[in-house]
Amino acid sequence: MDSSDRKLEATRLVDDIESMSLEERFNTYEETTIKGRKHKGILTCGRVYVAILHIIILMLAGVLLNYGLSEGSRSPDGPQRSWSPVQGFVEYKVSTEHATDPGHYSVYSGPPSEEQEEAWDRLITPVYFNISRDELTRAGESFENIIELTEGGYIASLGVYHELHCLRNLRLYVFRDRYYPNLTESQDRYLKEHLETLRISAMCHGNTAINSYKWDTETIDKPLTKSNSRSVCVKWSSIEDWSYSRRVFYVPPVRWPSQNQAS
């Protein structure tokens with residue numbers, strides 16, 4: 001090996017070898033050559049290792065990307081979901097609440113009472129809110145025959161409040177002897193129409209929590225639902241607080257078509 005080959009070999013060394021002076025490299029040719037060969041072998045193995053590592057990383061990145069895209073198409077937060085002015089304020093929590101005890105009534109269920117009436121009134125008070133033209137446009141809503149508020153803006157409601165409104169009306173229908181003693185045909189048809197809204201919502205959200213069944217200890221021939229499933233639910237106060245901050249009256253003052261034509 002001539003001097004030019006020695007220089008080439010020496011310049012391939014890194015780290016501690018590069019810290020040596022040029023004179024030291026030539027004076028320790030034999031030792032340097034041996035170290036260089038060993039180090040060259042190490043670099044070769046290292047390069048192979050790095051190449052394999054990069055391949056693994058790229059494969060994992062591809063898997064994660066495909067998973068993310070598939071999840072995005074299935075997730076309620078995927079690209080097909082319409083924008084809503086409340087979505088940045090919604091918080092979530094894990095819930096184990098289940099309506100599996102037929103003898104237990106919440107403040108919203110069971111036979112009618114004054115306490116129940118007040119609870120339902122509070123629940124649906126912010127059913128309507130004032131939405132701006134820009135917000136409607138961003139949400140992809142049509143302006144055809146849209147109802148305007150007299151104070152400006154437009155009347156809107158969140159889907160969950162529309163569903164609660166439907167549920168409340170079905171409750172009134174169940175106890176129609178109390179709330180609709182003289183139920184008309186049009187009222188009967190109107191109340192029953194709310195069933196479809198709730199069906200669509202239930203099938204849209206598709207609750208996958210597991211329900212199992214047990215025998216009623218009192219009437220052994222009647223199975224009862226039971227569940228220990230956990231669900232990720234919205235923190236209701238986060239939606240309710242936002243809704244109250246934007247609410248309009250339950251019977252909001254609106255501009256009727258005749259008023260729009262006159263203006």
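A residue counts as buried when its relative accessible area is under 20%, as exposed when it is over 50%, and as partly exposed in between. Keep those cut-offs in mind for this predicted model.

Start with F143. Its relative accessible area is 26%, so F143 falls in between the cut-offs and is partly exposed. Its ring has a partner, Y154. The two ring centres lie 5.8 Å apart. The planes meet at 70°, so this pair is edge-to-face. Now look at where the partners sit. F143 belongs to the loop between α5 (133-139) and β3 (154-156), while Y154 is in strand β3. The pair therefore ties together parts that are eleven residues apart in sequence. Y154 has a relative accessible area of 9%, so Y154 is buried.

F143 has another neighbour. The charged end of R133 sits over the F143 ring, 4.1 Å from the ring centre.

Next, step back to the rings as a group. The structure holds five aromatic pairs. One of them joins Y108 and W120. This pair is edge-to-face too, with 5.6 Å from centre to centre and 75° between the planes. It links distant parts of the chain, twelve residues apart. Y108 lies in the loop between β1 (92-95) and α4 (114-124), and W120 lies in helix α4.

Is W120 buried or exposed? Its relative accessibility is 5%, so W120 counts as buried. Y108 has a relative accessibility of 34%, so Y108 counts as partly exposed.

Finish at Y173. Here the charged end of R176 sits over the ring of Y173, 4.5 Å from the centre of that ring.

Methods. Residues numbered from 1 in each chain as written. Predicted model: local features only at pLDDT ≥ 70, side-chain atom pairs only at ≥ 80, totals over all residues. Heavy atoms only, no water. Phe/Tyr/Trp six-rings, centres within 6.5 Å; stacked < 30°, edge-to-face > 60°. Helix = DSSP H or I, 4+ residues; strand = E, 2+ residues; numbered from the N terminus. Buried < 20%, exposed > 50% of the residue type's maximum accessible area, 1.4 Å probe, protein only. Lys NZ or Arg CZ within 6 Å of the ring centre and 35° of its normal.
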